[in-house]
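Visitor: I have a structure open and would like to learn how to read its features. Where do we start?

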Amino acid sequence: MSFPKRREQLLERARQAGCQWFAAASPAAIGYLTGVFPTAPSLLLLSEKSRLLLAPEGTAFPEGEVCGYAYYSGEFPSRPMEDCLNLLKGRSFSGKAAVERFACPGWVEELFDGVVPADAMLREEMTRKDAVGLKGIRKCLALNAAVFRDLSRSIRSGVTELDVYHRILTVLAEETGEPAEIRCDILSGERTAWIAGGPTRR
């Protein structure tokens, strides 16, 4: 599902709850709605006509996914509301907002005329899959199956974790026609079963 479609559906759910805005702050939610997962606290404010992002200096988002920026430095969650309003250039936030309450700092709720908790609404939308999403999931499952078929034949005594890792990359490249890059824990004994970790020469 495209990012504009995701935002459209979420805002429709918010409108049904009597809200004109949606406020998200978790990296997972912002990534779901824009395509980029922030590595530091951020705030995304959505309405029918606005997509405003309060983010750390240097944050880069795909063109068109966010149409207003305000950057900050220092500690985001503890900043006074007045400070953040100045960063948002005095924009008006009239109306009610559906708010991702577990992630948004408390002052966010004071921006609006009223709020509706939206964590459950957001979870439902993030787990919704359309035909495009299902196609991607099936493709990933097929790649996993190809990797495990190959490993079941190639793993033998003397093979190291790095050998397995490089074999995984090779199979993925053969299946997709593109170089593969993955991060994974390879469980090959008691140590990695308890603490996990990247591949070694074990």
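Guide: With charged side chains. This is a predicted model. R13, E124, E125 and R128 form a network of salt bridges.

Visitor: What lets such side chains pair?

Guide: Side chains of opposite charge can pair when their charged atoms come close. Here, R128 and E125 meet in a salt bridge, N to O, at 2.7 Å.

Visitor: Are R128 and E125 buried or exposed?

Guide: R128 is partly exposed, at 40% relative accessibility. E125 is buried, at 1%.

Visitor: How many salt bridges does the structure hold?

Guide: Seven. Two of them sit in helix α1: E8 with K5, and E12 with R15.

Visitor: How should I read pairs within a helix?

Guide: An α-helix has 3.6 residues a turn, so residues three or four places apart point the same way. Now take helix α1, residues 3-16. E8 and K5 are three residues apart there, about one helical turn. Their side chains meet at 3.8 Å, N to O. E12 and R15 are likewise three residues apart in α1. That salt bridge is 3.0 Å, N to O.

Visitor: What are the relative accessibilities of E8 and K5?

Guide: E8 has 47% and K5 has 36%. Both count as partly exposed. For the other pair, E12 has 34% and R15 has 39%. These two are partly exposed as well.

Visitor: Which charged residue is buried yet has no salt bridge?

Guide: E100. A salt bridge needs the charged atoms within 4 Å. The nearest side chain of opposite charge to E100 is R123, 8.1 Å away.

Visitor: Where does E100 lie, and what does its side chain meet in a polar contact?

Guide: E100 lies in the loop between β5 (96-99) and β6 (114-117). Its side chain joins that of S26 in a polar contact of 2.6 Å.

Visitor: What is the bridge partner of A23 in β2?

Guide: L45. Strands β1 (residues 21-24) and β2 run antiparallel, joined by three bridges. In β2, L43 and L45 point one way, while L44 and L46 point the other. All four are buried.

Visitor: How do I check a helix for length?

Guide: Helix α6 (residues 161-176) has 16 residues. From first C-alpha to last, α6 reaches 23 Å, close to the 22 Å expected. Its buried residues include L162, Y165, I168 and L172.

Visitor: What follows α6?

Guide: G177, with a positive phi near 80 degrees.

Definitions and conventions
Residues numbered from 1 in each chain as written. Predicted model: local features only at pLDDT ≥ 70, side-chain atom pairs only at ≥ 80, totals over all residues. Heavy atoms only, no water. Helix = DSSP H or I, 4+ residues; strand = E, 2+ residues; numbered from the N terminus. Buried < 20%, exposed > 50% of the residue type's maximum accessible area, 1.4 Å probe, protein only. Lys, Arg positive; Asp, Glu negative; His and termini not counted. Polar contact = N/O pair within 3.5 Å; in protein donor to acceptor, adjacent residues only side chain to side chain. Pairing = 2+ DSSP bridges. Expected span 1.5 Å × (residues − 1).
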